Amino acid sequence: MTFEQLKALACKHFKVTKSQIEGKGRKINVVYARIAMAKILHTCGYTLHEIGDMLGLDHSTVFHHLNTFD
């Protein structure tokens, strides 16, 4: 699964737009979409920096997402 396919799937499931995921919004459904994407990407072997670059987040935010939310 490519990053764009994953993004489209997250958008559909969490009912958000691609621009919302790529943006800096903090609505809960947007945050959950980013968290789900970060968890999947980390499981696939991407580093925190790579995930952060893809999602437009700092690596420490990605780390927080992965360790805080289930």
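Which helices do the buried residues of H5 pack against? The buried residues of H5 pack against H3 and H4, where contact means heavy atoms within 4.5 Å, and the helices themselves are DSSP runs of H or I with at least four residues, numbered from the N terminus. The model is predicted, and local features need pLDDT of at least 70, side-chain atom pairs count only at pLDDT 80 or more, while totals for chains, interfaces and linings use all residues. Residues are numbered from 1 along each chain as its sequence is written, and side-chain values use heavy atoms, with hydrogens and water left out.

In H5, the residues Val 62, His 65 and Leu 66 are buried, a word that stands for under 20% relative accessible area, with exposed meaning over 50% and partly exposed in between (1.4 Å probe, protein chains only). These residues lie on the same side of H5 because they cover an arc of only 95 degrees around the axis, the arc being that of the directions from the helix axis to the C-beta atoms.

Val 62 also belongs to the largest nonpolar core, which has 15 residues and in which Val 16, Ile 21, Met 37, Ala 38, Ile 51, Leu 55 and Val 62 have the most contacts. The elements that give two or more residues to this core are helix H1 (3-14), H3, helix H4 (48-55) and helix H5 (59-68), and the largest share, 5 residues, comes from H3. A nonpolar core is here a set of buried Ala, Val, Leu, Ile, Met, Phe, Trp, Tyr and Cys residues joined through side-chain atoms within 4.5 Å. In soluble globular proteins, nonpolar side chains tend to be buried together.

In one of them Lys 7 pairs with Glu 4, the closest N and O atoms being 3.6 Å apart, and both residues lie in helix H1, 3 residues apart, about one turn of the helix. Lys 7 is buried, with a relative accessible area of 4%, whereas Glu 4, at 43% relative accessibility, counts as partly exposed. Lys 7 also forms a salt bridge with Glu 22, the closest N and O atoms being 2.5 Å apart. This pair links distant parts of the chain, with Glu 22 in helix H2 (residues 18-22) and Lys 7 in helix H1, 15 residues apart.

A polar atom of the Arg 34 side chain does lie 2.9 Å from the backbone oxygen of Gly 25.

Technical notes: A polar contact is a pair of N or O atoms within 3.5 Å; within protein, one must be able to donate a hydrogen and the other to accept it, and residues adjacent in sequence count only if both atoms are side-chain atoms. A salt bridge is a side-chain nitrogen of Lys or Arg within 4 Å of a carboxyl oxygen of Asp or Glu.
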